[in-house]
Amino acid sequence: MPTGQQLIQYPVPSYPPPESEDEESWVWTQIKAEARRDAESEPALASYLYSTVLSHPSLARSLSFHLANKLCSSTLLSTLLYDLFLNSLSSSPTLRSAIVADLLAALHRDPACVSFSHCLLNYKGFLAVQAHRIAHLLWTQDRRPLALALHSRVADVFAVDIHPAARIGKGILLDHATGVVIGETAVVGNNVSILHHVTLGGTGKVGGDRHPKIGDGVLIGAGATILGNIMIGEGAKIGAGSVVLIDVPPRTTAVGNPARLIGGKEKPARHEDVPGESMDHTSFINEWSDYII
């Protein structure tokens, strides 16, 4: 910067959004302010931030552009993907609402998430979920070859494998995200947090409804494996590395291989918080009497 030239300070609006404002509009305003600030403080990123954020009039266009460039290949062109993504998002207020909920979830729950723009541009779990939402829309429109092609690109680029038929709610955080696998008939509720290397899988070659159903507000720790058409109740917590093969009641904690309920099967300990939002992974240890090092 030339001597004597003053650094322009781009104010970033305060968090959380005022209730009187449209949430999507507020979040987009926040993202643009963050991008201007970062472009000014780090000129090496100015062109990148302009092309991905600042040149676009809406969150839907910015995300469509960014996803298209992430997922394109020599035979699946970015222009085709951009049109596909933008048409899907423009025609579905539900998809756009889910995008905003996922951005808010990341900023609320992940202390490493420094801004909305950081999540939008750099969080592969967030990007994988948004691409899945579009693949799922295509699946429901009976455009299944295209949905499967998009699913394959997401798995290749982000190392996240979510079948396009799987149903996923909003306010979802895939923290780190690498190695997450969600099968065809799985259902994931709202405000769920899932860490890396989690599998929501089947139990073999049996067809039909064969994957887990995850209730609202559930937290699934890193490396957990949940198999079969079982129910993980609302607000339950699955400890890291656990293998779960049977239903888990709401507001309880299952830990181990095979998983067992903290407090015992007959009178399991129940918590009052929502683990998918609080991200509390370890409070159950105080009640796990045989936990030793």
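Guide: Happy to. The second largest pocket is lined by Ser-92, Thr-94, Leu-95, Ala-98, His-132, Arg-133, His-136, Leu-137, Thr-140, Ile-168, Gly-169 and Lys-170. On a 1 Å grid over the protein atoms alone, a pocket is an open set of points with protein on both sides within 12 Å along at least five of seven lines, and lining residues have an atom within 4 Å of a point. This is a predicted model: local features need pLDDT of at least 70 and side-chain atom pairs count only at pLDDT 80 or more, while totals for chains, interfaces and linings use all residues. Residues are numbered from 1 along each chain as its sequence is written, and side-chain values use heavy atoms, with hydrogens and water left out.

Visitor: How much space lies in the second largest pocket?

Guide: About 200 Å³. The volume is the space filled by probe spheres set on the grid points, which are joined across faces, edges and corners.

Visitor: Which helix gives the most to its lining?

Guide: H7 does, with five residues. Helix H5 (93-109) and helix H7 (124-140) each supply at least two. Helices here are DSSP runs of H or I with at least four residues, strands are E runs of at least two, and both are numbered from the N terminus.

Visitor: And which domains does that lining draw on?

Guide: At least three residues come from each of domain 1 (9-159) and domain 2 (166-293), with bounds from an automatic or database domain assignment. By class, this lining has four nonpolar, six polar and two charged residues. Ala, Val, Leu, Ile, Met, Phe, Trp, Tyr, Cys and Pro count as nonpolar, Asp, Glu, Lys and Arg as charged, and the others, Gly among them, as polar.

Visitor: What about the largest pocket, what is its volume?

Guide: The largest pocket has about 230 Å³. It has 14 lining residues, and Ile-246, Asp-247, Ala-259, Arg-260 and Leu-261 are the closest to its centre. Strand S13 (243-244) and strand S15 (260-261) are the elements that give two or more residues to this lining. The lining of the largest pocket has 10 nonpolar residues, one polar and three charged.

Visitor: What lines the second largest cavity?

Guide: Ala-131, His-132, Ala-135, His-151, Val-154 and Ile-162 do. About 30 Å³ of space lies there. H7 and helix H8 (144-158) each supply at least two of the lining residues, and by class there are four nonpolar, two polar and no charged residues.

Visitor: Are Cys-113 and Cys-72 buried or partly exposed?

Guide: Cys-113 is buried at 5% relative accessibility, whereas Cys-72 is partly exposed at 25%. With a 1.4 Å probe and protein chains only, buried means under 20% relative accessible area, exposed over 50%, and partly exposed in between.

Key
1 Å grid on protein atoms, 1.4 Å probe; cavity = no way out; pocket = protein on both sides within 12 Å on 5 of 7 lines; lining within 4 Å.
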